[in-house]
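Work through these exercises with the model open. Each task is followed by a stepwise solution.

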Amino acid sequence: MTPTTIALIIGVYFIVLYTISVITGKENNNDTFFKANKKAPWYIVAFGMIGASLSGVTFISVPGWVATSQFSYMQVVFGYFLGYVVISYILLPLYYKYNITSIYGYLEQRFGSNSHKVGAASFLVSRVLGASFRLYLVAIVLQYFIFDAWNIRFEFTVVFSVLLIWIYTFKGGIKTIIWTDTLQTLFMLTALVVIGYLLLEKLNTNLFDFISSQEYSKYGKIFVTEDVNAKSYWLKSVLGGAFIAIAMTGLDQDMMQKNLACKNKKEAQWNMMSLAPSLIIINFLFLTLGALLFTYAQQQNINIPIVDGKAKTDLLFPEIALNGGLGITASILFVLGLIAAAYSSADSALTSLTTSFCIDFLKIEQKKKEDQEKIRKKTHIYMSIVLIITIITFKYILSENVISNLLKVASFTYGPLLGLFSFGIFTQYKIKDKWVLFIAIIAIIFSYFINEYSVRLFDGFQFGYELLLINGILTYLGLYIIRIKHE
C-alpha cells in the first residue's frame, strides 16, 4: 500500500469523525463538553471505553511485546479485572455521592485545596505522559510508512496528529468522544479479528490448532512462577495490574469522566463490570495475534523494522499488515484499526486534560458565564501544544517497548493519587493540608530509589508494576504522619 493511499484512508476516516462532532457538538456549551449533559447511554459508553482502555499501545505494542515477554502480560490483565470491581463498588458510588465534574473535587471537600491541586496535578502529569506515549506510537508509524516517503519531518507528523484530534473535539468534548469512541472501537476490533483470520489462512491453520501447536508454545506462556524476585512474577503482576486499573482508570479523570456522563450510578457500574471481562478476552486475542505475527514473520523471512539503528518490535504488526502479503483488505483495516485505537484514547485525554485544568485550577465554574466558554477553548489549545512538545521529546529519549514505558511511568505518577484517595476513603482523619505536596514528592523519590536499588537492598528482588502499590503506601503513611490527631 502506497503512502498516498494510506493518507487518503486516514483523511476519509477523519471526515467521518468530524461529521460526528458536528452532530454531537451543536449545543457547544460547557455542560455538553464536560458532562455530555449526563444523558450518555451506559452501553454506548461501555463499548467505546474498550477502545479507550486498549488504545494504540495495545493495538501495536502488545503484539510486539510477545517476542520478549510471551503472554505474561495476561497476568496484569487478570489484575485489571480485580481493579474494576473496586472501581465499580467503592469509587463510583463515591463520585456520584459528591456529584462532582472533576473527580479531584472530592479531595478538596475531604482534605482541602492543596490536596485537591496535588491530586489534579498528579493526573495532569500522568495523563500528559500517557497520552503522549500513545500518540508517539501512532506518530512513528505514520512517519515510517507515510511521511518518510515524502521527506516530511517527524515534528510535522506530531503537529498534524494532534491537530486532527483538536478539530473534532473542540466543540462537543466528552459528548463527541463517547460516540467517536464507539466507532473507533468497532474499527479496532474488526481489524483484530480479520487480520488474525488472514494470518491463520496464510499459515494454513485455524485458531484452535494454532493454540495447540509448537509455534504457539514458544510464545504462549502466561504465568511466571519460577523466580519470586523476577519483575514479571505472577503475584507481582496481578497485584500491579489491580492497582494500575484502580489508579489509571478509577482515579483518572479521563476514564471516569465518561462514567460520570452516565444517567446514574447504577448504569455507570454496569458499564465498568461489562468492560472488565471484555478486556480479558480482547487482550488475549491481541497476544495471540502477536504470536501469529512472529510465526508468520519467521516463515516469510520478514525482518523486524529498524528505526534509528534499533529493532522496533512495535512496528512488526504494521510491517506485515501493510507490506507482508496479506492483501489490500488487511492493509485498509490495519490503518483504520491503528488510527481508531490510537485516537480513541488520545482524544478523550485531550478533553479530560482540558476539563481538569479548567475546573481544578482555573475554577471555571466560578467565572462569569460569558467568559467560561472562552476559557475552555483557550485551555483546549494550550493542552494540545503541551502534548505536541511532550511527544516530540519522546522521540529522543525512548528506547524500550512503549507499553513497558507507559506502565513504568504510571507506577510513579499515579502513586500520590492512590495514597490520597485511600486515606480519604478508609480513614476519618483530617490532615495538615499544606504538607501534602511535600509528602507526594517524598513518596515518589523514595519509590524511585527503592526500585533502583531493590536488587541490593532485598537480596535480588526486583519490583514490577506493584511499585505503584508501594508508592501509594508511602503516600498513605506520609498522610498518616501529618494527620490532625485531635480529630
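**Exercise 1.** Which residues do ring pairs link into a cluster?

*Solution.* This is a predicted model: local features need pLDDT of at least 70, side-chain atom pairs count only at pLDDT 80 or more, and totals for chains, interfaces and linings use all residues. Residues are numbered from 1 along each chain as its sequence is written, and side-chain values use heavy atoms, with hydrogens and water left out.

Start with the rule. Rings of Phe, Tyr and Trp (its six-membered ring) pair if their centres lie within 6.5 Å; planes under 30 degrees apart are stacked, over 60 edge-to-face, and the rest tilted. The cluster joined by ring pairs consists of Tyr95, Tyr98, Tyr104, Tyr106, Phe123 and Phe421. The structure holds 31 aromatic pairs.

**Exercise 2.** Classify the pair Tyr136 and Phe154, then the pair Phe423 and Tyr429.

*Solution.* Step 1: the Tyr136 and Phe154 rings lie 6.3 Å centre to centre, with 70° between the planes, and are edge-to-face. Tyr136 sits in helix H6 and Phe154 in helix H7 (residues 154-169), 18 residues apart, and the pair links distant parts of the chain. Helices are DSSP runs (H or I, at least four residues), numbered from the N terminus.

Step 1: turn to Phe423 and Tyr429. Their ring centres are 6.3 Å apart and their planes meet at 20°, so this pair is stacked.

Step 2: check burial. Buried means under 20% relative accessible area, exposed over 50%, partly exposed in between (1.4 Å probe, protein chains only). Tyr136 and Phe154 are both buried. Phe423 is buried at 0%. Tyr429, at 26%, is partly exposed.

**Exercise 3.** Describe the largest nonpolar core.

*Solution.* Define it first: buried Ala, Val, Leu, Ile, Met, Phe, Trp, Tyr and Cys residues joined through side-chain atoms within 4.5 Å. The largest such core has 144 residues, and Phe59, Tyr95 and Phe334 have the most contacts inside it. Helix H6 (residues 113-147) gives the largest share, 18 residues. Now list partners of Phe59. With contact as heavy atoms within 4.5 Å, Phe59 touches residues including Met188, Phe286, Phe317, Phe334 and Leu338, not counting residues up to four places away in sequence.

**Exercise 4.** What kinds of residue line the second largest cavity?

*Solution.* List the lining: Ile6, Ile10, Val141, Leu142, Phe145, Ile146, Leu322, Phe334, Val335, Leu338 and Ile339. Lining residues have an atom within 4 Å of a cavity point, on a 1 Å grid where a 1.4 Å probe fits but cannot get out. Sort them: 11 nonpolar, no polar and no charged. Helix H1 (3-24), H6 and helix H15 (328-361) each supply at least two.

Terms used: On a 1 Å grid over the protein atoms alone, a cavity is a set of points where a 1.4 Å probe fits but cannot get out, and a pocket is an open set with protein on both sides within 12 Å along at least five of seven lines; lining residues have an atom within 4 Å of a point. Ala, Val, Leu, Ile, Met, Phe, Trp, Tyr, Cys and Pro count as nonpolar, Asp, Glu, Lys and Arg as charged, and the others, Gly among them, as polar.
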